[in-house]
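This briefing sets out selected features of the structure shown below, grouped by topic.

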Amino acid sequence: MKKILLLVFALCLSLNSYAQEMGSVLIKNGTVITITNGNKADTDVLIEDGIITKIGRNLSAPNGVPVVDASGKYVMPGIIDAHSHIAAVDVNEWTNPVTAEVTMEESVNPNDINIYWALAGGVTTINLMHGSANVIGGRNETLKLRYGASVDEMRFDGAQQTIKFALGENPTRVHGQGFGVKPRTRMGVAQVIRSHFDAAIDYRRNRQNYLEAKKAYENGEREMPPVPVARNLRLEVLADILEGDIWVHCHSYRADEITMLMRVFDDYGIENYTFQHANEAFKVAPELRKHGAHASVFSDWWAYKFEVYYSTAYNASILNANGVITSINSDSGELIRHLNHEAAKTVHYGGTTKQDALKMITINPAIQLGIDDRVGSIEVGKDGDVVIWSGHPLSIYSIAQASYINGVKYFDRSEDPNDMRLEVNPETNFNETATRWYEENGRHGESCMQGAKISFTANGMKLH
Amino acid sequence: MKLARTVTICIALLMVFSLQAGAQSAPAQAFKNVTIHTNGNTIESGTIVWRNGVITAIGEEVSIPFDAYVRDGGDSLHVYPGFIDGMALWGSPEPKEYDEAPDEPGNPTYERAGIQPFRHPASLLEVKDKSLVKAQKHGFTTAALGLKGQMLPGQIDLFFINGEKTQNYILDRGIGVLAQFEGAQGAAYPSTLMGVMAQYRQLFYDAKAQMQQQVYFASVGGSYPAPDHERVLEALYPVMKQQQPFYFVVNSDENIERLFTLQDELGFDVILVSGKEAYKKADELKERNIPVLVSIDLPEKPEWKTDDKEDENLTDEKEHFRKRQMEAYKADVTNIKKLLEAGVKVGYASNGLKLSKLHENISTLLDEGGLSEDQILKLFTKSTADILGYGQKMGDLKKGHIASFSVFTKPFIEKDTSVLYSVSNGEVMEFEPESSKKSGDKDE
């Protein structure tokens, strides 16, 4: 009983600690792309207190609820980017091959102007990921792009916890080549994962035994006190992965390493996971389908390092045709501004249907992040995260006109002021503040490897 | 009988003389005809008397003891309570520089990671550091000193500032443990903010386990493994038991939130140091009863504002940006005012601010920060003393308080004022007036 009371108290505290703004709006006469139930012409969507309450024709707005006319326009669920590094303070705690104890939850920069630019591209939710310098990196944080809100207010409340893994060149380059520690090879990567899972199993058992023995000693049921087993955050998180409480999102490229990880996960009974990038996933699409593994890929971004030369713009389409839940992601502050175009490439190259292409930036990433009961489609009872587009979202001519999160408008092209920076430093020069992501990082920027200070010289690789 | 009486009288006389000799082993000292500024009061043509490091009399009509060494201010000098720095880095050795990554970057030694909470400034103070003299010349007589470094550089020790002698003038050791969100140097764990957050947690978990084993070991007979005595972890026990606060250097709004998260999880007492954006969290700081030893390292005024040249390419966007820059500047310089209005306890900490910047920033606080002269004086004296737990003994000029004060040529806020005498725990240091120095002699 005491525990229940404590739990209720803790819950009240957590609910009271921050308020996420909820809004109401009636969007009328648009073509509603529901994603899960086809397109509906001349249809209204009513959002009340943040939740979609009605979808239909001739809906009337309850008292005080603003009405927006979307005649001739398209209404779609907000885009979900399953792989992003915008709004981050740091991306890589790159110093150890395994850093499960860190979390991007504690590395959120709510003032990043890229959030606003992403909203202008129709994105409402991102998976803020740890980088790929480590075999097992930090936990990721699913965020709603409530620009102008605090870190707490940006959290996607109740979202599934996920963690970043990384295979191949990045972790072997940083740790093996750079620091001279395991893993130096892809074999080593597999072994790092296995040995840490084994350690986590031992830890959970030992810690549990210690806590039980401590209790018994305190109750006088045991003569000798136990030797303490310290709480270990890193191993605790790894044990949670093994118990299915944390899902894995794994940076990967080659088909052989994708297969390797599925074998490792089979051995440890891990079921929920998504391969990120996965440029060669098309080669093992049936195996992915068999394992229920998901893929989150680029539309056509490749050849930026050796392990991504064998790539194809048909990757997403092949995976989709094989029944693999597939999403298209950005991994970039530039691509995130037009993920609709990235999805359209699957129609253009791979002949994927428009509906499936749109799923790749809405319900599919929602499934991969464990938030598909809340977002990713326009359905009664789901969150009011919707975007009004000037035309069909897959058209190269269409642009996002307004983006809503839980019924609150965070972007409106008709009211787009000159300066949307949240923070202005009194000491900065105006010109220094006006750069864009792609001017700083380029399209082939170091997204996943931010913070891992590597350069290539005539003498080879150098870590700073 | 007569003999007995004589002996008694002799003994009594001996006792009186020996008592007097003991009590007056140090002669009294006094300043007369000075303007004395206490917190909230000004005494014109006043006198201040002290003996053995304690103020014995202060006021307009004060009798000066016969043995006192008296300095006459000629009604032109100003006496202020000694300024107190709530967290200064004066005399701290520079942190060790590392060119190479450790053998295992993910598992560096505590020292390599900048985690050394057991270190004491009292043992490491570089007495030749000119700041220890310059501080007196700027009115400081007391300072809580910390060490430069990363996450947990060491303890905070409280000193009477007295030039090179400071090392021997310790008022209190270990009044807190300095903590920061600073990762290890170069390629070593923790290298990020999130890594630092995780490391704080892990340190507390490890300390808890070590402490538990020590308790068990002490409570049972044989057949129980001897515990470790890792000094890094042992230095955290008093913080875990809330017997010693963290002096946590934090500036941004978001990092203050992160500090709250750690505090809620790990349960420590904390004094916030620097707190440049603390006003954004004023209500919660007040609610949590967290005092702020605030930095006055204020931003420079936007460069276009001080530049006379008209910008020919002034677009709407740029104009808007300038307006926002001015708002941001104003918000930063009124940080202290807003904290005070919210009822937060605010003191002062230089935390690395150069003494040469002090006067300029005090002027900004007066002109643009919305603070009065009295409020600024209180910030540097009484309020800081209260936060350090010494409000009953210093921070004001009162009978019974520690005799730590400074004698300025003009009110301390005036541009060309300078300190002629610094009295630190009763000991007088005399300085050459700034005006009589040759050009080029000026400090910093």
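The model is predicted: local features need pLDDT of at least 70 and side-chain atom pairs count only at pLDDT 80 or more, while totals for chains, interfaces and linings use all residues. Residues are numbered from 1 along each chain as its sequence is written, with chains lettered from A and ligands numbered from 1 in the order in which they are written.

**Chain B overall**
- Chain B contains 14 helices and 15 strands (DSSP runs numbered from the N terminus: H or I of at least four residues for helices, E of at least two for strands).
- Along the principal axes, the C-alpha atoms of chain B fill a box of roughly 85 × 85 × 45 Å.
- Among contacts in chain B between residues at least 6 apart in sequence, 70% join residues at least 24 apart; a contact requires C-beta atoms, placed from the backbone, to lie within 7 Å.

**Contact between the chains**
- On the chain A side, 34 residues are in contact with 43 residues of chain B.
- The side of chain A that touches chain B comprises 18 nonpolar, nine polar and seven charged residues (Ala, Val, Leu, Ile, Met, Phe, Trp, Tyr, Cys and Pro count as nonpolar, Asp, Glu, Lys and Arg as charged, and the others, Gly among them, as polar).

**Six-stranded sheet of chain A**
- An open sheet in chain A has six strands in the order β8-β10-β11-β12-β13-β14, with mixed pairing; strands pair if DSSP finds at least two bridges between them.
- Strands β8 (136-139) and β14 (326-328) of chain A stand at the edges with a single partner strand each, so one side of each has no neighbour in the sheet.
- From one strand to the next, the twist averages 25°.
- Strands β10 (residues 161-166) and β11 (residues 246-252) of chain A run parallel and are joined by six bridges; A:Lys164 stands opposite A:His249 in β11(A).
- Helix α6 (residues 233-242) of chain A packs on the sheet, where it touches β8, β10 and β11 of chain A, and its direction makes about 95° with that of β11(A).

**Helix pairs**
- The axes of helix α5 (residues 186-218) of chain A and α6(A) come within 8 Å and cross at roughly 100° (axes are lines fitted to C-alpha atoms, for helices over the stretch in contact, and angles run from 0 to 180 degrees between N-to-C directions).
- α5(A) is therefore roughly perpendicular to α6(A); angles of 65 to 115 degrees count as roughly perpendicular, under 35 as roughly parallel, over 145 as roughly antiparallel and the rest as oblique.
- The contact of α5(A) with α6(A) has nine nonpolar, one polar and one charged residues.
- In chain B, the axes of helix α4 (residues 193-219) and helix α7 (residues 253-266) come within 11 Å and cross at roughly 15°, so α4(B) and α7(B) are roughly parallel to each other.
- This contact is made by B:Met197, B:Tyr200, B:Arg201 and B:Phe204 of α4(B) with B:Arg258, B:Leu262, B:Glu265 and B:Leu266 of α7(B); five of these residues are nonpolar, none polar and three charged.

**Buried elements of chain A**
- Six of the six residues of strand β7 (residues 123-128) of chain A are buried, so β7(A) is largely enclosed by the rest of the structure.
- Strand β6 (residues 79-84) of chain A runs parallel to β7(A) and is joined to β7(A) by four bridges; A:Ile79 has A:Val123 as its bridge partner in β7(A).
- Buried residues of helix α4 (residues 169-179) of chain A include A:Val174, A:His175 and A:Phe179, and just after α4(A), A:Gly180 takes a positive phi of about 70°.

Note on methods. Two residues are in contact if their C-beta atoms, placed from the backbone, lie within 7 Å. A residue is buried if 20 or more other C-beta atoms lie within 10 Å of its own, exposed if 12 or fewer, and partly exposed in between; C-beta atoms are placed from the backbone.
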